[in-house]
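Take a moment with the sequence and the 3D view.

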Amino acid sequence: MPRALWLLVIGMAVNVTGSSLLWPLNSIYIHDHLGKSLTVAGFILMLNSGASVIGNLIGGALYDKLGGYLSILLGISLTALSLLGLTIWNAWGAYCFFFTLSGFGSGIIYPSMYAMAGNVWPEGGRKAFNSIYVAQNAGVALGSAIGGVIASYSFTWIFISNTFMYVIFFFIALVSYKNIQVQPSMPNAAESRRKQKGSQRNPALYALAILGFGYLLCWICYVQWQATISTHTQELNIPLAQYSLLWAVNGGLIVFGQPLISLFTKKICPSVKMQMLIGMVIFIVSFLIVGQAEMFAGFLAAMLILTIGEMLVWPAVPTIADKLAPKGKEGFFQGIINSTATGGRMIGPLLGGYLVDVNGIGLLVPVLVFLLLLGMIAAYFYDVPLKAGKVKVAKS
């Protein structure tokens with residue numbers, strides 16, 4: 001793995017460690033400490049994710065125009081300032097504003113990180129994106145493991161710690177990423193003419209849209225672990241530290257389970273498309289277990305199964321987006337696919353909060369299974385426009 005990719009991996013790990021101190025606990029903070037309903041909590045999480053969608057689109061465009069270095073620094077700066085604001089003012093109104101702003105700032109960061117990873121190691125295929133994914137989850141494991149402990153003392157210390165991690169990330173990016181700057185590559189004249197004729201661009205965009213729809217549905221379901229399932233565990237009197245431990249297990253399994261997943265993908269599903277479909281089936285099994293769980297052991301089993309599914313699905317989607325992207329549009333395509341994931345994180349808490357407020361966890365699970373089945377249909381048919389347009393995508 002190239003040195004430049006290692007620097008991106010380290011930065012991503014620090015970034016996600018900071019954010020993981022807070023994001024698994026947001027619904028609990030809004031519901032239990034600020035006294036708002038789950039529907040209101042879902043609405044605030046939706047605002048954060050909506051701002052992140054805009055940030056993803058802007059971040060992808062900035063990458064294509066300015067490169068990753070300046071885009072990442074801008075995103076980190078906005079996020080750090082918003083977290084500093086949360087540290088000083090975290091009552092209801094201020095929380096809504098600064099939490100939304102943090103979503104916008106963090107959204108700018110991710111398309112550039114993924115696009116840079118694909119550009120610094122293009123021959124790595126899915127391995128480049130898998131390394132960024134593993135770094136994210138190492139951050140999830142570390143941040144979640146200590147976040148619940150810190151929150152049991154004071155949520156203010158969560159905000160302080162989160163701000164500190166983004167300051168560290170800023171200096172890593174400032175010192176290291178300028179040297180690995182990947183200049184935006186402009187398409188040549190022949191490629192521009194092909195785009196104008198629509199011979200390549202439209203099929204790839206249609207395929208990306210179908211893929212993104214399935215990705216969005218998966219995230220609507222996955223985010224319930226941070227929104228409705230988190231508060232459901234509290235109603236079952238499962239300690240906050242144990243809920244945070246679930247995310248530590250999630251991140252730890254992703255980091256240390258990579259050799260097994262690598263062997264599985266090589267032997268069972270060398271196709272990235274098959275990898276996605278199997279992962280979605282595993283998601284369904286996980287949520288069926290959640291619907292029956294009443295003790296910590298049940299949620300732990302569901303989380304272990306969920307983690308195996310996400311290890312297959314999450315790295316596959318940006319890999320396909322990178323292969324679909326025309327030259328010079330890598331940032332734009334990563335911005336689109338990241339925005340669909342964020343859209344799922346935006347819609348999921350509000351939808352899940354409403355369903356649980358109306359009829360409890362018993363209504364939520366069948367809806368999630370239905371959405372995942374729709375996601376599987378989208379994942380299966382995403383490449384139909386490519387076949388119709390006779391567009392070849394490099395195998396990964």
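Helix H1 is mostly covered, with 15 of its 18 residues buried. Buried means under 20% relative accessible area, exposed over 50%, and partly exposed in between (1.4 Å probe, protein chains only). H1 runs over residues 3–20 and reaches 26 Å from its first C-alpha to its last, close to the 26 Å expected at 1.5 Å a residue. The expected span is 1.5 Å times one less than the number of residues in the helix.

A word on the source. This is a predicted model, in which local features need pLDDT of at least 70, side-chain atom pairs count only at pLDDT 80 or more, and totals for chains, interfaces and linings use all residues. Residues are numbered from 1 along each chain as its sequence is written, and side-chain values use heavy atoms, with hydrogens and water left out.

Now the whole chain. The protein chain has 18 helices and 0 strands. Helices (H or I, at least four residues) and strands (E, at least two) are DSSP runs, numbered from the N terminus. The radius of gyration is 20 Å, close to the 21 Å that the globule rule gives for 396 residues, so the chain is as compact as a globular protein of that length. That radius is taken over C-alpha atoms, and the rule is 2.2 Å times the number of residues to the power 0.38. The C-alpha atoms fill a box of roughly 60 × 40 × 35 Å along the principal axes. Of the 396 residues, 59% count as buried.

Contact means heavy atoms within 4.5 Å.

Ser 20 gives one view of this. Ser 20 sits in helix H1. At 1% relative accessibility, Ser 20 counts as buried. Leaving aside neighbours within four places in sequence, Ser 20 is in contact with Gly 139, Val 140, Gly 143 and Ser 144. Gly 147 is 127 residues from Ser 20 in sequence, yet 7.3 Å away in space, C-alpha to C-alpha.

Gly 348 lies in H16, which covers residues 330–359. Gly 348 is buried, with a relative accessible area of 0%. Residues up to four places away aside, Gly 348 touches Ile 220, Val 223, Gln 224 and Gly 353. Gln 226 is 122 residues from Gly 348 in sequence and 9.7 Å from it in space, C-alpha to C-alpha. Asn 338 is also found in H16. Asn 338 counts as buried at 12% relative accessibility. Not counting residues up to four places away in sequence, Asn 338 touches Asn 56, Tyr 110, Pro 111 and Tyr 114.

Next comes H17. Helix H17 spans residues 361–381, and its 21 residues reach 31 Å, first C-alpha to last, close to the 30 Å expected. Buried residues of H17 include Ile 361, Leu 364, Val 365, Leu 368, Val 369, Leu 371 and Leu 372. An α-helix has 3.6 residues a turn, so residues three or four places apart point the same way.

Finish in a loop. Asn 237 lies between helix H10 (228–235) and helix H11 (240–256). Is Asn 237 buried or exposed? At 68% relative accessibility, Asn 237 counts as exposed. Its phi is near 65°, a positive value in a residue other than glycine. Most residues other than glycine have a negative phi.
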